[in-house]
Amino acid sequence: MAKEKQKIETVRELIYLSYANLAMAHTAVDKKQEKYGTFNYMIRAKLFKGLKEGTMNMRTIFDDEKIKLQTGQICNYCGSTEKLALDHIFPQKYGGKDDAENLIFACKTCNSSKGKKDLMEWMSFRGQFLPLMTIRRYLKLIFNYCLENNLIDKNIEELKEMELPFNISLLPTNFPNPNELILNAEKQTPKR
C-alpha cells in the first residue's frame, strides 16, 4: 500500500516543512551534488519529524547574524559590493521591524527591484532562487513573527486573509536541484 502524503494544515507545519526542505538543499549544495539522494531525503525527513515532535529546533537567528558579519558588506542577493544599502527583509510598509534581524545588505539595483515585495514574491519575479542562507533567515523571521503574534498554530488558510509582512502562500517547499542553488551570495568583482 502506498504511503499517504501528510497534509500540512498549520503555519508551524508549513514553516517546518520549508525549513526541512531547506536543510535538505543545504546539505546537497554543501556536498556539491547535482541531484538529491537518499541521504538528503533522510535529513529532510528526520528534521521535519524532529521539529514536529519537539526533539529538534530551528537554529536561532543569532547563527545568521554571525554569518552576516563574516560575509561582510556584500549584497545578500547578488554578491555585488557596490552601492550597498540596508534592505528590510520584511518591508516596513507591512510591519517589518527596523532592527538588525530584519536588515541585510543589498545593492541599490536589487534593493529597488525588490522594493516592497515579499522576499519570495520577488524571488519568483526574478525567476531565480535566492541564496539559501537568505531564505533561511526569512523563514526564521516568519517563525519568530508568528510565535510573537500567536499565529504559529493557526490554519494556513487563516493567514492568507491577513495583512502580514510576508506571504504565507509563497513559502518555498520545493527547491531546485542543488547544482542550481548557492548557500551565500558570493562577492563579485566591481565592474571597471
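This is a predicted model: local features need pLDDT of at least 70, side-chain atom pairs count only at pLDDT 80 or more; totals for chains, interfaces and linings use all residues.
**Entry 1**

I started with Glu148, which is exposed, with a relative accessible area of 51%. The cut-off for exposed is over 50%, so Glu148 makes it into that class.

Next I looked up what Glu148 pairs with. Glu148 forms a salt bridge with Lys97, and their closest N and O atoms are 3.3 Å apart. Glu148 sits in helix α6 and Lys97 in the loop between β1 (84–88) and β2 (103–107), so this pair ties together parts that are 51 residues apart in sequence. Lys97 comes out as partly exposed, at 46% relative accessibility.

**Entry 2: other salt bridges**

How many salt bridges does the count come to? I got four. Why would side chains pair like this at all? Side chains of opposite charge can pair when their charged atoms come close.

One of the four is between Asp153 and Arg12, with the closest N and O atoms 2.8 Å apart. This pair links distant parts of the chain: Asp153 is in the loop between α6 (132–148) and α7 (156–160), Arg12 is in helix α1 (residues 11–30), and 141 residues separate them. Is Asp153 buried or exposed? Asp153 counts as exposed, at 52% relative accessibility. Arg12 has 24%, so I wrote it down as partly exposed.

Another one joins Glu157 to Lys160, where the closest N and O atoms are 3.0 Å apart. Glu157 and Lys160 both lie in helix α7, three residues apart, which is about one turn of the helix. I put Glu157 down as partly exposed at 47% relative accessibility. Lys160 is partly exposed too, with a relative accessible area of 39%.

**Entry 3: two helices side by side**

Then I checked how α5 sits against α6. Two packed helices are described by the angle between their axes and the distance between the axes. Helix α5 (residues 119–126) packs with α6 at an angle of about 150 degrees, and their axes are 11 Å apart. Angles over 145 degrees count as roughly antiparallel, so α5 is roughly antiparallel to α6.

Which residues meet there? From α5 I found Leu119, Met120 and Met123, and they meet Thr134, Ile135 and Tyr138 of α6. Sorted by class, this contact has five nonpolar residues, one polar and no charged ones.

**Entry 4: helix α3**

I also looked up which residues of α3 (residues 61–71) are buried: they are Ile61, Asp63, Asp64, Glu65 and Lys68. What covers them includes β2 and α6. Just after α3, I noted that Gly72 takes a positive phi of about 85 degrees.

**Entry 5: zooming out**

Last, the whole chain. Its secondary structure comes to seven helices and two strands. From the N terminus on, I read the order as α-α-α-β-β-α-α-α-α.

For size, the C-alpha atoms fill a box of roughly 60 × 40 × 30 Å along the principal axes. A compact globule of 192 residues would have a radius of gyration near 16 Å, and the chain has 17 Å, which agrees.

Buried residues make up 44% of the 192 residues. Finally, I took the contacts in the chain with a separation of 6 or more: residues 24 or more positions apart account for 70% of them.

Note on methods
Residues are numbered from 1 along each chain as its sequence is written. Side-chain values use heavy atoms; hydrogens and water are left out. A salt bridge is a side-chain nitrogen of Lys or Arg within 4 Å of a carboxyl oxygen of Asp or Glu. Helices (H or I, at least four residues) and strands (E, at least two) are DSSP runs, numbered from the N terminus. Buried means under 20% relative accessible area, exposed over 50%, partly exposed in between (1.4 Å probe, protein chains only). Axes are lines fitted to C-alpha atoms, for helices over the stretch in contact, and angles run from 0 to 180 degrees between N-to-C directions. Angles under 35 degrees count as roughly parallel, over 145 as roughly antiparallel, 65 to 115 as roughly perpendicular and the rest as oblique. Contact means heavy atoms within 4.5 Å. Ala, Val, Leu, Ile, Met, Phe, Trp, Tyr, Cys and Pro count as nonpolar, Asp, Glu, Lys and Arg as charged, and the others, Gly among them, as polar. The radius of gyration is taken over C-alpha atoms; the globule rule is 2.2 Å times the number of residues to the power 0.38.
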